[in-house]
Amino acid sequence: MNYYKTKLYKAEIKKNIEHNNMLQVLSGKVCVVTGARGMIGSELIDTIMFANQYYGLNCKVYGIVRNMSVASERFHSFINDDFFELIQADINTDFIRVNENVDYIIHGASNTHPVYYATRPIETILTNTVGTSRVLEFASEHKCQKFIFLSSVEVYGENRGDVDKFTEDYLGYLDCNTLRAGYPEGKRVGEALCQAYIEEKNLDCIIPRISRCYGPGLLNEDSKALSQFIHKAVDREDIVLKSKGNQLYSYIYAADVVSAILFLISSGQRGEAYNLSGIESDITLAELADCVAAIAGTKVIYDIPDEKEAAGYSKATKALLDTSKIESLGWHSRYSVKEGIRRTLEMQGYYLGE
């Protein structure tokens, strides 16, 4: 089932358009979205293109992807639209060929799930470092007005018990001498690169730090725990938990991330990082599994992972985000984790019987 054709998804997009000032900020602008086929990138593009079609936004979107055939299928309804263009490029090695200046870049290209951290560790590091550097250079050369670097809760590393929730000035703890460190350390370097380009190239960079994200656009290969729970639920199978489930994390629904990105384009302050998390979305992994199973009418079973699989999993047992900073600017999440999961399952074709 193509979730992006559902009435629920289109209503979600419409709400984000009408509750942001994107119609003023993005009108007649040029945007580049890297990682365009990803869960966040694709919903962001859908939102802009919907606004183009129904609100006369007239914002040109360049979507940067590695797999053109898969992306062409995902965005087939936009392929012949004058305001949309797909560009095939590996940001680690290829030039992004856009022959005009760009106003906004949303840089979301990254390996974002645990199996890739363990099986493609070099690519994981390089995409967030070398790739980010190349996109920043592209931004500088193309007179970018604002660069949004999608970072992660993972930059905080482990909570050593000294705080309840991470604020943006928390330094965190990471053991860099591990395979699993490639992703969070890469994101940390990406953030530092943004600061370097702010100082040396006068770019305007903003850094959303995103908590564990989920939504209807999650990819089949996504190996994050909640993604696997949702896949199991859609297939009407029992939820498999790969640990005792004591990990306490913050989560956020993809539509809320898109809302925050649009908000920060207009209201975010240069060089600042902002935590993003959903309302009523701090929950243990076991509680999360129970929540998905309860909605889907299945049950939870426990299956401890083998050594290779476990190598990609975060060692953090508590990672909660304090969102006071962005909320003080006027942004607020709309979706609790229970509501987000229900919406995700429904858009993925799971009939909830209501």
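**Salt bridges, helix packing and backbone in a predicted model**

Let me begin with R343, which is buried, its relative accessible area being 12%. The partner of R343 is E339, with which R343 forms a salt bridge whose closest N and O atoms are 3.5 Å apart. Both residues belong to helix α13, residues 337-347, where they sit 4 residues apart, about one turn of the helix. E339, at 32% relative accessibility, counts as partly exposed, whereas R343 counts as buried because its 12% falls under the 20% cut-off. The two are also linked with E12 in a network of salt bridges.

In one of them the side chains of R66 and E123 meet, at 3.4 Å from N to O. This pair links distant parts of the chain, since R66 is in the loop between β2 (60-65) and α4 (68-74) while E123 is in helix α6, residues 121-141, and the two are 57 residues apart. R66 is partly exposed at 43% relative accessibility, and E123 is partly exposed too, with a relative accessible area of 22%.

Let me turn to helix α10. It runs over residues 285-296, and its 12 residues reach 16 Å from the first C-alpha to the last, close to the 16 Å expected at 1.5 Å a residue. How much of α10 is buried? Of its 12 residues, 9 are buried, so the helix is largely enclosed by the rest of the structure. Among the buried residues are L285, L288, C291, V292 and I295. The elements that cover them include helix α8 (225-234), the strands β9 (239-241), β10 (248-253), β12 (282-284) and β13 (300-302), and also α13, the helix in which R343 and E339 lie. Just after α10, G297 takes a positive phi of about 75°.

Next comes a pair of helices: α3, residues 39-55, and α9, residues 254-267, pack at an angle of about 65°, with 9 Å between their axes. Their crossing is right-handed. On the α3 side the contact is made by M39, I40, E43, L44 and T47, and on the α9 side by A254, A255, V257, V258, I261 and L262. By type, the residues of this contact divide into 9 nonpolar, 1 polar and 1 charged.

I will finish with the backbone. K143 has a positive phi of about 60° although it is not a glycine; K143 is found in the loop between α6 and β5 (146-149), and is exposed, with a relative accessible area of 57%. E280, again a residue other than glycine, has a positive phi, near 45°. E280 is found in the loop between β11 (273-276) and β12, and at 68% relative accessibility E280 counts as exposed.

Key. Residues are numbered from 1 along each chain as its sequence is written. This is a predicted model: local features need pLDDT of at least 70, side-chain atom pairs count only at pLDDT 80 or more; totals for chains, interfaces and linings use all residues. Side-chain values use heavy atoms; hydrogens and water are left out. A salt bridge is a side-chain nitrogen of Lys or Arg within 4 Å of a carboxyl oxygen of Asp or Glu. Buried means under 20% relative accessible area, exposed over 50%, partly exposed in between (1.4 Å probe, protein chains only). The expected span of a helix is 1.5 Å times one less than its number of residues. Contact means heavy atoms within 4.5 Å. Axes are lines fitted to C-alpha atoms, for helices over the stretch in contact, and angles run from 0 to 180 degrees between N-to-C directions. A crossing is left-handed if the near helix is turned anticlockwise from the far one by less than a right angle, and right-handed if clockwise. Ala, Val, Leu, Ile, Met, Phe, Trp, Tyr, Cys and Pro count as nonpolar, Asp, Glu, Lys and Arg as charged, and the others, Gly among them, as polar.
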